[in-house]
Amino acid sequence: MLDKDQLTRIIPHRPPFLWIDRVRELKPGVLCIAEKYIDPQDPLFTGHFPGNALFPGVLIIEAAAQTGAVMLGASPKPNEPDDQKLPGRWVHLLAAVNSFKFLKPVSPGILLRIEAKTVAGNELTALVKAVAWVENRMVARGELMLLTRRQDIEGTDTGRDNGNAGTDS
C-alpha cells in the first residue's frame, strides 16, 4: 500500500489537485488500484451542485489518470542507466480520453475505488483501461492514453513536441 507521501514521490500532483488518497495494490506497469474518499466538506460541493452534491465526472477521469500515472511511474524505464531509474524523473500526461462512460452518480461521503490496467503501449505511450467503483457497483469506465515524457530536476518538461501533446494528468 502507498500513502499520499509515497504517491507524491511518483507523480507530481499535490493537493488540492491530488485526486487519489492511497494505493491498495500496485503491479508496476501493469495494474494499480487506488482509493479516494469523497469528502463532503470539499469546497467543490458548494457549486456542484448545491442541495444535490455530485462528484464531477471530469475528476473521476483525473483520478483514473493519476492512478494510471502511478502505475506507469512506479516502473523504471528500460534503457536508462541504473542511477537514473528513480521514480519522478518521468511524467505521465493525459493525452486522450476514449469512450468514458459514467454509469452511476458519485455522491460525497463515499470511498471511490479506481482501477487502472495497461492494455497496450510502448516506452512513450500507454493505453490504460480504467474502471471506478463505489462498493461493488461500477460507476464509470473508459480508456485513457497516457504520454510518457522525461522531466528534469527542476520539473521542466524536456519533451520533443514543445508542449503540443498531452496535459497534466
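Predicted model: local features only at pLDDT ≥ 70, side-chain atom pairs only at ≥ 80, totals over all residues.
**The overall layout**

Stepping back, the protein contains 2 helices and 7 strands. Followed along the sequence, these elements give the pattern α-β-β-α-β-β-β-β-β. The protein has 169 residues, and 40% of them are buried. Among contacts with a separation of 6 or more, 61% are between residues 24 or more positions apart. The accessible surface of the protein is about 9,000 Å², and carbon and sulfur atoms contribute 53% of that surface.

Is Thr8 buried or exposed? Thr8 is buried, because its relative accessible area of 19% falls under the 20% cut-off. If neighbours within four places in sequence are set aside, the contacts of Thr8 are His13, Arg14 and Leu18.

Pro16 belongs to the loop between H1 and S1 as well. The peptide bond leading from Pro15 into Pro16 is cis, and its omega is near 10°.

**Another cis bond**

The bond from His48 to Phe49 is also a cis peptide bond, with omega near -10°. Here the setting is the loop between strand S2 (31-37) and helix H2 (57-73), where Phe49 is found.

**Positive phi values**

Ser99 is a residue other than glycine, yet its phi is positive. Glu135, likewise not a glycine, has a positive phi too. Their values are set out below.

| Residue | Phi | Relative accessible area |
|---|---|---|
| Ser99 | near 40° | 57% |
| Glu135 | near 55° | 63% |

Where does Ser99 lie? Ser99 is within strand S3, which spans residues 90-102. Glu135, for its part, is placed in the loop that joins strand S5 (125-134) to strand S6 (137-150). Ser99 is exposed, because its 57% relative accessible area is over the 50% cut-off. Glu135 is exposed as well, with a relative accessible area of 63%.

How values were computed. Residues numbered from 1 in each chain as written. Heavy atoms only, no water. Buried < 20%, exposed > 50% of the residue type's maximum accessible area, 1.4 Å probe, protein only. Contact = heavy atoms within 4.5 Å. Helix = DSSP H or I, 4+ residues; strand = E, 2+ residues; numbered from the N terminus. Areas by Shrake-Rupley, 256 points an atom, 1.4 Å probe, with all protein chains shown as cover.
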